[in-house]
Amino acid sequence: MTTASAQLSRSALLYLSRQAGLKDVATRLRPFRELASRFIAGETLEEAVDAVKALTARGLLASFDHLNEAVKNPEETRDEVREYRRLLARIDQTGVKANVSLKLTQCGLLLDKALALENARAVVADATQRGSFVRVDMEESAVTQATLDIVRELHAEFGEPHVGAVLQSYLRRTEADARALCAERVRIRLCKGAYLEGPDVAYPDKADVDANFVRCMKVLLDSGVYHGIATHDERMIDATLEYAARQGLPRGAYEFQMLYGIRRDLQERLVKDGHPVRIYVPYGRHWYPYFMRRLAERPANLWFVMRNLVRG
């Protein structure tokens, strides 16, 4: 696949990820569900807990994420809070080495910012009582500033050990955000980003996204704060390892993070070399948008689905 056609496929898949009308059709197709199971740990909390137990046995850390980008009213946002509190309780009960990741749209950010803060605060307060940590995920650029505003409020109340943020290197603003958040000692998960954005806010070329990733990685590693470097790109991993060695940082001064079902070989190699590796473990019935964004990262996976559809 050429660079141009890959970019076109990626844009198309990201567009389809936002089409709610296709979700019901796609989720009934067996090939979609089979491929989705590579990236999603199940539809229930207990399936996700079992998946994380298996990761823990391999020496990996985890971050649970309950998938639901379809909340429509305040009561549904409170259902998400209840799910996360159940999840935090199960982490305690099972003793798995895990924390949680939370999207503010699940908490009602698109309905009312004050509601989102109230709901996120309830989750972080529960995590704090349990000595745990909540990573507030980053979503589309339209909510980047609101997300960071809420992270700062939560961080001011609960502190560095209990709440952190995510930054995406494809956004032009990210290096400035990284410097500001590091100065405030906010723990950051740095990733490349997986939403469809315009060139006014995001770098359209992969080379620029990668270069910004490396710049931001250096800001994070220089800060003295425990951050997560989230990538499956071996060039980005090598750049991180080389810079950490040059700066004299010990293993454990930061962690690598990867997605469930992607590059297990790389995960195990890093763990064997003594690096903490955390796996982002999504679960839930509302997996379609997340799955389509994973397809967009590797459009060749779409041919797997198409071949199996043809075969029936």
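## Overall architecture

The chain folds into 13 helices and eight strands. These elements belong to a predicted model. The chain has 312 residues, and 52% of them count as buried.

Two cavities of 30 Å³ or more are found in the structure. The largest cavity has a volume of about 60 Å³.

The lining of the largest cavity consists of S63, N99, S101, R135, R189, Q257, R278, I279 and Y280. Two strands, β2 (98-102) and β8 (277-283), each contribute at least two residues to this lining. Strand β8 provides the largest share, with three residues.

## The aromatic pair

One aromatic pair is present in the structure. The partners are Y254 and F256, whose ring centres lie 5.6 Å apart; because their planes stand at 80 degrees, the pair is classed as edge-to-face. An angle over 60 degrees is what places a pair in that class.

Both partners are covered by the protein. Y254 has a relative accessibility of 4% and therefore counts as buried. F256 is likewise buried, its relative accessible area being 0%. The cut-off for this label is a relative accessible area under 20%.

T240 is located in helix α10, which spans residues 234-246. With a relative accessible area of 0%, T240 is buried.

When neighbours within four places in sequence are set aside, the contacts of T240 are M217, L221, I229, Y254 and F256. This list includes Y254 and F256, the two residues whose rings form the edge-to-face pair.

## A charge over a ring

A further arrangement involves an aromatic ring and an arginine. R187 is positioned over the face of F133, at a distance of 4.0 Å from the ring centre.

## Summary

In this predicted model, the chain comprises 13 helices and eight strands.

Technical notes:
Residues numbered from 1 in each chain as written. Predicted model: local features only at pLDDT ≥ 70, side-chain atom pairs only at ≥ 80, totals over all residues. Heavy atoms only, no water. Phe/Tyr/Trp six-rings, centres within 6.5 Å; stacked < 30°, edge-to-face > 60°. Buried < 20%, exposed > 50% of the residue type's maximum accessible area, 1.4 Å probe, protein only. Lys NZ or Arg CZ within 6 Å of the ring centre and 35° of its normal. Helix = DSSP H or I, 4+ residues; strand = E, 2+ residues; numbered from the N terminus. 1 Å grid on protein atoms, 1.4 Å probe; cavity = no way out; pocket = protein on both sides within 12 Å on 5 of 7 lines; lining within 4 Å. Points joined across faces, edges and corners; volume = space filled by probe spheres on them. Contact = heavy atoms within 4.5 Å.
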